Amino acid sequence: MTADPILTSDIVGLTKAAPLSRRGFMTATAATAAGYTLAAGPVRADVIKTDTQGLDAGDAKVKVADGEMPVYFARPSGVSNPPVVLVAMEIFGLHEYIKDVTRRLGKLGAFAIAPDYYFRKGVDLTKVTDMAQLIPLVNSKPDAELLADLDSTVAFAKSQGGDTNRLGIIGFCRGGRNVWEYAAHNSDLKAGVAFYGPLVDPPNPLWPKSPTQLAPEMKAPVIGFYGEADTGIPVATVEALKAALAENKKTAEFKIYPGAPHGFHADYRSSYRKEAAEDAWSQMQAWFKKYGVLS
């Protein structure tokens, strides 16, 4: 590993985000107490909070080849065989925003489960405040290990009564990239939803193929949500993947939100754009219903 961290497109988009608005932000102490990482900058005071009413939600451990991986899950109480939706987190660890998204999916009837696939680093990423420290940790995650972790999460959900015949995946930022990677990996996946996931990777032997290179191998329909003002993922990059998927006769859709920066769904950051976030969330539900993940 070189001394200078590899700047992936998601990190570029995060670090060149729009300036802070006049909305209130939590103090560093309050943000940490609420379970948010500070590596992404100040945390908004008016973040969305989803309760657990009607849900079984909490922490669990998933057996993987070399240990036990922490996960957070949420599922509707008293419902048998709910569909399974994997939640692929950002690079900031299994923090409160990702947990809240998991609960939102639980409210939609899914057995939603977010694996902490960076757990082997031995560091709680939600407590890392320095991007220079964080980047080498997350960039050293091999794709082969990532895909195996996601497969193990699916197996766990099935063992807990989840209906993996209705399997979906949703991801944000680096997790959005992981959606594309998993859609090329798992032929049992019914549909994927990628929020501003990087599509072209910098050279890294641990990441053999970028999402764009995997276009011919996609096994499930994916919808991608991107921001026109994303400084890390140019619109031309999105259009290139769109063309590659069409050329290979793969099912995919894209929506690019005018003026939206990277992280426009992340309601805890200054990059949040309410209108774009709500529209994408609505389209996500329609996509999962169209392909049989949600009913």
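How exposed is aspartate 279? Aspartate 279 is partly exposed, with a relative accessible area of 26%. On the scale used here, buried means under 20% relative accessible area, exposed means over 50%, and partly exposed is in between (1.4 Å probe, protein chains only). We'll come back to that residue after a look at the whole chain.

First, some ground rules. You're looking at a predicted model, where local features need pLDDT of at least 70, side-chain atom pairs count only at pLDDT 80 or more, and totals for chains, interfaces and linings use all residues. Residues are numbered from 1 along each chain as its sequence is written, and side-chain values use heavy atoms, with hydrogens and water left out.

Now the overall picture. The chain has eight helices and eight strands; these are DSSP runs numbered from the N terminus, with helices being H or I of at least four residues and strands being E of at least two. Its radius of gyration is 18 Å, close to the 19 Å that the globule rule gives for 295 residues, so the chain is as compact as a globular protein of that length. (That radius is taken over C-alpha atoms, and the rule is 2.2 Å times the number of residues to the power 0.38.) Along the principal axes, the C-alpha atoms fill a box of roughly 45 × 45 × 40 Å. Of the 295 residues, 55% are buried. As for contacts (heavy atoms within 4.5 Å), take those with a separation of 6 or more: 72% of them are between residues 24 or more positions apart. The chain exposes about 12,000 Å², with carbon and sulfur atoms supplying 52% of that; the areas come from the Shrake-Rupley method with a 1.4 Å probe, and for residues only the protein chains shown count as cover.

Next, zoom in on strand E2, residues 67–76. E1 and E2 form a hairpin with two residues between them. Aspartate 59 has tyrosine 72 in E2 as its bridge partner, while alanine 60 has valine 71 in E2. Valine 71 also has a bridge partner in E4, namely proline 115. E4 (residues 111–115) runs antiparallel to E2, and four bridges join the two.

On to the charges. There are 21 salt bridges in the structure, each one a side-chain nitrogen of Lys or Arg within 4 Å of a carboxyl oxygen of Asp or Glu. One of them links aspartate 149 to arginine 120, with the closest N and O atoms 2.9 Å apart. Aspartate 149 sits in helix H5 (residues 143–159) and arginine 120 in the loop between E4 and helix H4 (131–139), so the pair ties together parts that are 29 residues apart in sequence. Aspartate 149 is buried at 2% relative accessible area, whereas arginine 120 is partly exposed at 27%. Another salt bridge joins glutamate 145 and lysine 141, again with the closest N and O atoms 2.9 Å apart. Here glutamate 145 is partly exposed at 25%, and lysine 141 is buried at 4%.

Back to aspartate 279, then. It forms a salt bridge with lysine 255, the closest N and O atoms being 2.9 Å apart. Lysine 255 is in strand E8 (residues 252–257) and aspartate 279 in helix H8 (residues 274–290), so this pair ties together parts 24 residues apart in sequence. Lysine 255 is partly exposed too, at 28% relative accessibility. Elsewhere, salt bridges that share partners join Asp66, Arg120, Lys141, Glu145 and Asp149 into one network.

Last stop: aspartate 201, in the loop between strand E6 (191–195) and strand E7 (222–227). At 16% relative accessibility, aspartate 201 counts as buried. Leaving out residues up to four places away in sequence, aspartate 201 touches Arg177, Trp207, Lys209, Ser210 and Pro211.

Key:
Pairing = 2+ DSSP bridges.
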